[in-house]
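Student: Could we go through this model together? I would like to learn how the terms are applied.

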Amino acid sequence: MSPPPPAPMHGVLLRLLLVLIAASPAVLCDNTNHVYSPCGDTTVQRSDGFTFGIAFSSRTSFFYNGNPSVRLSPCDSRLGLSTSSSSSRLAAFRPKVDEISLLTVNTSSFSPDTVGGYMVAFAGKKYAARSLPAFIANSTFTVTSFTLVLEFKKGRLENLHWKRDGCASCSGKSNFVCLNGQDCAIKTSNCKNHRGTVDCSLGIQLAFSGTDKHFSALNSWYEVENLRQYSLYGLYSNLRDSLTSQYNKLF
Ligand SMILES: *[C@@H]1O[C@H](CO)[C@@H](O)[C@H](O)[C@H]1NC(C)=O
Ligand SMILES: *[C@@H]1O[C@H](CO)[C@@H](O)[C@H](O)[C@H]1NC(C)=O
């Protein structure tokens, strides 16, 4: 007995099923984090987007009453960073959790040294976390490449820290000087935003560590450590003169 010929309806149903199947992986991997402000609290799982901020200002402006041990978030109005009289700038990013990302801040119309020369990465409100201020630039030196580790515990951001390589990435490169044994810097006068020729946009390589809200380990930090030679900096050809990662291995 041969099966009956397919009715036209089957074709429609089949197409509908295919659409559903095609859509379902997207649904499964979809973002479940609906907090889009860097000043809100959230917990995340892998494949979520996660919003955090970077504030640019002077080092002292990140301390409440000049006290370095009180780490207030830039979202906290007591720091006064969001008032119109403050010269600070704010950038918000939304990388995918546990994916290695390279964030860039285009400095063609923004000179970090003129707004104070330091930056702090932060997220959260009640459970606020923030990094220490990192030196970017003054009138003499500019640091253009950074690695930021976002550390989560059960999906909640616990800590953000700048990872330094002790100038290993710029040793022997004549354009760079090593500042304080930790940061590779170029002369600010070489930067395009100071009439030089080098694009001194900032590159911030991002990595995740700790656990998500389902206790899954976030591993991208280990990948950054082990796979440095595959650094994303290589993809940004217009930054190669100012960024110090090991892009030479790729190009
Ligand atoms: C920054 O913006 C300028 C002007 O739009 C552009 O020419 C330059 O390539 C940009 N740099 C980066 C790193 O995107
Ligand atoms: C710029 O920063 C470097 C490194 O911290 C420091 O040695 C230098 O004195 C500073 N220059 C100015 C003009 O502030």
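**Terms and their cut-offs**

Tutor: Gladly! Around ligand 2 we find F135, N138, S139, T140, F141 and L179. The model is predicted, so local features need pLDDT of at least 70 and side-chain atom pairs 80 or more, while totals for chains, interfaces and linings use all residues. Residues are numbered from 1 along each chain as its sequence is written, and chains are lettered from A and ligands numbered from 1 in the order in which they are written.

Student: What makes a residue count as near a molecule?

Tutor: Its C-beta atom, placed from the backbone, must lie within 6 Å of that molecule.

Student: How does the shell around ligand 2 divide?

Tutor: Into three nonpolar, three polar and no charged residues. Phe and Leu are among the nonpolar types, Asp, Glu, Lys and Arg are charged, and those in neither group are polar.

Student: Why is C167 called partly exposed?

Tutor: C167 has 19 other C-beta atoms within 10 Å. Buried needs 20 or more and exposed 12 or fewer, with partly exposed in between, so C167 is partly exposed.

Student: And what makes F215 exposed?

Tutor: F215 has 10 other C-beta atoms within 10 Å, so F215 is exposed.

Student: Where are C167 and F215 found?

Tutor: C167 lies in the loop between β9 (156-162) and β10 (177-179), and F215 in the loop between β12 (202-211) and β13 (217-218). Strands are DSSP runs of E with at least two residues, numbered from the N terminus.

Student: What is the phi of C167?

Tutor: Phi is positive, about 70 degrees, although C167 is not a glycine.

Key
Helix = DSSP H or I, 4+ residues; strand = E, 2+ residues; numbered from the N terminus.
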